[in-house]
Amino acid sequence: MPGTSLAPFPSVARPDPARPRPPYRFVAALAVLGWALLTVGTVLHPAHADPGSPADAFAEYAGVSRGLWVAAHLLQLGGVAGLVVVAVLLARAVDGARDSAWPRVTAVFGTAGLATAAVLQAVDGVALKAVVDLWSEAGEERSPLFAAAVAVRQVEIGLDALVALLLAVAVLVLGIGLLTAPTGSRALGAVAVVTAGAALVNGATLALSGFSAATMLATTVSGALALAWLLLAAVWSWRRSPTRRQQ
């Protein structure tokens, strides 16, 4: 039987699987949620007494219910988590398939900052309030409890400084990426860089001088810039999201 050869089947071009769309709408919604949580948590946190004076600050803290105190700090933690997730998702969405290093650096420092923020809220939002309540309810022997509260306060200051520095690096790298990526945003990147600079100053002043007047000013400026950046990120991400017709 003579040998026969089968003709190869013609190659058929297969359509590439649909590439997932960047989650810009989710990022926008998460940015608004993070902004709201940070704002409400900051408003609920008592801030009339001078935080640089432990006796005055602890007296004010003692007059706040424990439920309200814990709630305020959990809301702030939720706001920080929203900011970190927004930064990580936005970095990945803008970078696309280029597999650059800056989204990874943003994720690493953002995750470290969020983990440190969780420890900070455990110290400030739970431990400090517990010791302050014991101090306020004690009788004549209040000095050891006051010293214990001051010690917890110093741990809080150290964690607060590290949170500011870690998040500052994450936002700084994100800002540089937004400025340089082809699909980024110069305006959003510039605000991120300025916000990171303010956070770096805030972290440095916390580490060097505690809750001083200079630190409180830096904290106020840094917090206001972070809230503004979240709103700008929400608006920019919403505008970048695909319309229903495009979907």
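1. An aromatic cluster. F58, Y61, W69, W135 and F146 form one aromatic cluster. Start there when you open the structure. Keep in mind that this is a predicted model. In the whole protein, the count comes to six aromatic pairs. One of these aromatic pairs is F58 with W135. Its geometry is edge-to-face, with 6.3 Å centre to centre and 70° between the planes. The pair links distant parts of the chain. F58 is in helix α2 (residues 54–62), W135 is in helix α4, and the two are 77 residues apart. Is F58 buried or exposed? F58 is buried, and W135 is buried too.

2. Now look at Y61 and W69. Their ring centres are 4.6 Å apart. Their planes stand at 55°, so the pair is tilted. A pair counts as edge-to-face over 60 degrees and as stacked under 30 degrees. Y61 has a relative accessible area of 6%, so Y61 is buried. W69 is at 1% relative accessibility, so W69 counts as buried as well. The cut-off for buried is under 20%.

3. Charges over rings. Which residue has its charged end over the ring of W135? That residue is R142, and the distance to the ring centre is 4.4 Å. W135 is also a member of the aromatic cluster. A further case involves W238. R25 lies over the face of W238, at 5.3 Å from the ring centre.

4. The overall plan. How many helices and strands does the protein have? There are seven helices and zero strands. Read from the N terminus, the order of elements is α-α-α-α-α-α-α. The protein has 247 residues, and buried residues make up 40% of them.

5. Helices α1 and α3. Two packed helices are described by the angle between their axes and the distance between the axes. Take helix α1 (residues 24–44) and helix α3 (residues 66–95). Their axes come within 7 Å and cross at roughly 155°. Angles over 145 degrees count as roughly antiparallel. Therefore α1 and α3 are roughly antiparallel to each other. The crossing of α1 past α3 is left-handed. What kinds of residue make up the contact of α1 with α3? There are 19 nonpolar, seven polar and no charged residues.

6. Helices α3 and α4. What is the angle between α3 and α4? They pack at about 180°, and their axes are 9 Å apart. They are therefore roughly antiparallel to each other. The contact of α3 with α4 has 18 nonpolar, seven polar and six charged residues.

7. Helices α5 and α6. Helix α5 covers residues 143–180, and helix α6 covers residues 186–209. Their axes come within 7 Å. The axes cross at roughly 160°. α5 and α6 are therefore roughly antiparallel to each other. Their crossing is left-handed. By class, the contact of α5 with α6 has 20 nonpolar, four polar and two charged residues.

8. The loop between α3 and α4. D99 is placed in this loop. Is D99 buried or exposed? At 53% relative accessibility, D99 counts as exposed. The cut-off for exposed is over 50%.

9. Two distances to check. V70 lies in helix α3. At 25% relative accessibility, V70 counts as partly exposed. V70 and G41 are 29 residues apart along the chain, and their C-alpha atoms are separated by 9.8 Å. Next, go to A115, in helix α4 (residues 102–137). A115 has a relative accessible area of 45%, so A115 is partly exposed. How far apart in space are A115 and V163? They are 8.7 Å apart, C-alpha to C-alpha, with 48 residues of separation in sequence.

Key. Residues are numbered from 1 along each chain as its sequence is written. This is a predicted model: local features need pLDDT of at least 70, side-chain atom pairs count only at pLDDT 80 or more; totals for chains, interfaces and linings use all residues. Side-chain values use heavy atoms; hydrogens and water are left out. Axes are lines fitted to C-alpha atoms, for helices over the stretch in contact, and angles run from 0 to 180 degrees between N-to-C directions. Helices (H or I, at least four residues) and strands (E, at least two) are DSSP runs, numbered from the N terminus. Angles under 35 degrees count as roughly parallel, over 145 as roughly antiparallel, 65 to 115 as roughly perpendicular and the rest as oblique. A crossing is left-handed if the near helix is turned anticlockwise from the far one by less than a right angle, and right-handed if clockwise. Ala, Val, Leu, Ile, Met, Phe, Trp, Tyr, Cys and Pro count as nonpolar, Asp, Glu, Lys and Arg as charged, and the others, Gly among them, as polar. Buried means under 20% relative accessible area, exposed over 50%, partly exposed in between (1.4 Å probe, protein chains only). Rings of Phe, Tyr and Trp (its six-membered ring) pair if their centres lie within 6.5 Å; planes under 30 degrees apart count as stacked, over 60 as edge-to-face and the rest as tilted. A charge sits over a ring if NZ of Lys or CZ of Arg is within 6 Å of the ring centre and within 35 degrees of the ring normal.
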